[in-house]
Amino acid sequence: MAHPDPFAAIADPHRRFLLEELRRAPRTVNELSEGLPISRPAVSQHLKALLDCNLVSVRAEGTRRIYAINAKGFDRLNLWLDQFWS
């Protein structure tokens with residue numbers, strides 16, 4: 001199954017903020033929502049878009065869901081960008 005376009009996913013400034021925060025450390029939705037002027041459900045929707053593009057991963061820890069960067073998911077982006085420097 002093909003993943004949605006990661007470039008479309010990172011076009012949104014809230015999603016870029018989430019990626020920057022997750023680059024620093026894995027976090028929960030509650031932790032991530034503290035830095036944004038949007039609701040926790042909206043943060044969850046943005047994370048779902050990033051999950052669908054394989055840019056983040058999630059793991060359950062008790063009742064908490066911990067989100068983290070999925071470095072392998074950035075391969076498509078890197079491959080496309082690398083063609084301009086080859």
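Biologist: What does Arg-27 count as at 22% relative accessibility?
Modeller: Arg-27 counts as partly exposed, because its relative accessibility is 22%. Buried means under 20% relative accessible area, exposed means over 50%, and partly exposed is in between, using a 1.4 Å probe and protein chains only. Keep in mind that this is a predicted model: local features need pLDDT of at least 70, side-chain atom pairs count only at pLDDT 80 or more, and totals for chains, interfaces and linings use all residues. Residues are numbered from 1 along each chain as its sequence is written, and side-chain values use heavy atoms, with hydrogens and water left out.

Biologist: Which residue does Arg-27 form a salt bridge with?
Modeller: Glu-21, with the closest N and O atoms 2.9 Å apart. A salt bridge here is a side-chain nitrogen of Lys or Arg within 4 Å of a carboxyl oxygen of Asp or Glu. Glu-21 also meets Arg-24 in a salt bridge, at 3.4 Å from N to O.

Biologist: Where do Arg-24 and Glu-21 sit, and how many residues apart are they?
Modeller: Both are in helix H2, 3 residues apart, so about one helical turn separates them. Helices are DSSP runs (H or I, at least four residues), strands are too (E, at least two), and they're numbered from the N terminus.

Biologist: Is Glu-21 buried or exposed?
Modeller: Glu-21 counts as buried, because its relative accessibility is 16%.

Biologist: How many salt bridges are there in the whole structure?
Modeller: The search finds 5. Another one joins Asp-75 and Lys-72, at 3.8 Å from N to O. Asp-75 is partly exposed, with a relative accessible area of 36%, while Lys-72 is exposed at 62%. As for networks, salt bridges that share partners join Glu-21, Arg-24 and Arg-27 into one.

Biologist: What does Arg-15 touch, then?
Modeller: Leaving out residues up to four places away in sequence, Arg-15 touches Ala-8, Ala-9, His-46, Ala-49 and Leu-50. Contact means heavy atoms within 4.5 Å. His-46 is also in contact with Ile-38, and so are His-14, Ser-33 and Val-43, again setting aside neighbours within four places. Ile-38 is in the loop between helix H3 (29-33) and H4.

Biologist: New topic: how many aromatic pairs does the structure hold?
Modeller: There are 3. In one of them, the rings of Phe-7 and Trp-80 have centres 5.2 Å apart and planes at 65 degrees, so the pair is edge-to-face. Phe-7 lies in helix H1 (residues 6-10) and Trp-80 in helix H5, so the pair ties together parts 73 residues apart in sequence. Trp-80 and Phe-84 also pair, with centres 4.9 Å apart and planes at 65 degrees, so that pair is edge-to-face too. The rule is that rings of Phe, Tyr and Trp (its six-membered ring) pair if their centres lie within 6.5 Å; planes under 30 degrees apart count as stacked, over 60 as edge-to-face and the rest as tilted.

Biologist: Which residues do the ring pairs link into a cluster?
Modeller: Phe-7, Trp-80, Phe-84 and Trp-85. Those residues, along with Leu-81, also form a nonpolar patch on the surface, with about 590 Å² of accessible area together. Patches are made of residues with over 30% relative accessible area and no salt bridge, joining like charges within 9 Å and nonpolar side chains (Val, Leu, Ile, Met, Phe, Trp, Tyr) within 5 Å. The areas come from the Shrake-Rupley method with a 1.4 Å probe, and for residues only the protein chains shown count as cover.

Biologist: Is Phe-84 buried or exposed?
Modeller: Phe-84 counts as exposed at 51% relative accessibility. Leu-81 counts as partly exposed at 34%.

Biologist: Last one: what is the phi of Asn-54 near?
Modeller: Near 70 degrees, a positive value in a residue other than glycine. Most residues other than glycine have a negative phi. Asn-54 is in the loop between helix H4 (40-52) and strand S1 (56-61).
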